[in-house]
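Please open the structure in the viewer and keep the sequence at hand.

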Amino acid sequence: MKHFHGRYVEAMERIGATDLNGTPTNDRTNYFETVPVSALDYTLWMESDRMGYMVNAHRPEDARLAARVVQNEKRQDENQPYSLPRN
């Protein structure tokens, strides 16, 4: 992020955000969070900063962490009875 320096999740939790998560599919990831109405302006500013300057914000260690999280979720899904493997 260009205008905010620090960890996004920690900043959002400080304003009372909950349920910060993402759901991956084969071609995209849907990110969501629940925030208090009083923090809507701040949340939209944070999201626009995060999305608007995403190209320069990614670090290799972030990509490795995200890949491990997705792989772990895939393993958990596949370990359920009658589950279908994801591609």
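Predicted model: local features only at pLDDT ≥ 70, side-chain atom pairs only at ≥ 80, totals over all residues.

Over the face of which residue does Arg50 lie, at 5.4 Å from the ring centre? Select Arg50 and Tyr31: Arg50 lies over the face of Tyr31 at that distance.

Residues are numbered from 1 along each chain as its sequence is written, and side-chain values use heavy atoms, with hydrogens and water left out.

Now display the whole protein as a cartoon. It has four helices and two strands (DSSP runs, with helices being H or I of at least four residues and strands E of at least two, numbered from the N terminus). Along the sequence the pattern reads α-β-β-α-α-α.

Select Phe4, Tyr8, Ala11, Met12, Ala17 and Met46, the six residues of the largest nonpolar core. Such a core is a set of buried Ala, Val, Leu, Ile, Met, Phe, Trp, Tyr and Cys residues joined through side-chain atoms within 4.5 Å; buried means under 20% relative accessible area, exposed over 50%, and partly exposed in between (1.4 Å probe, protein chains only). Helix H1 (residues 8–14) supplies the largest share of this core, three residues. Within the protein, buried residues make up 13% of the 87 residues.

Centre the view on Met12. Leaving aside residues up to four places away in sequence, Met12 touches Ala17, Leu20, Glu33, Val35, Tyr42, Thr43 and Met46 (contact means heavy atoms within 4.5 Å).

From Tyr42, move to Trp45. Both lie in helix H2 (residues 40–52), three residues apart, about one turn of the helix. Rings of Phe, Tyr and Trp (its six-membered ring) pair if their centres lie within 6.5 Å; planes under 30 degrees apart count as stacked, over 60 as edge-to-face and the rest as tilted. The count by this rule is one aromatic pair. The ring centres of Tyr42 and Trp45 are 6.2 Å apart and their planes stand at 35 degrees, so the pair is tilted. Tyr42 counts as partly exposed because its relative accessibility is 29%, and Trp45 counts as partly exposed at 38%.

Methods
Lys NZ or Arg CZ within 6 Å of the ring centre and 35° of its normal.
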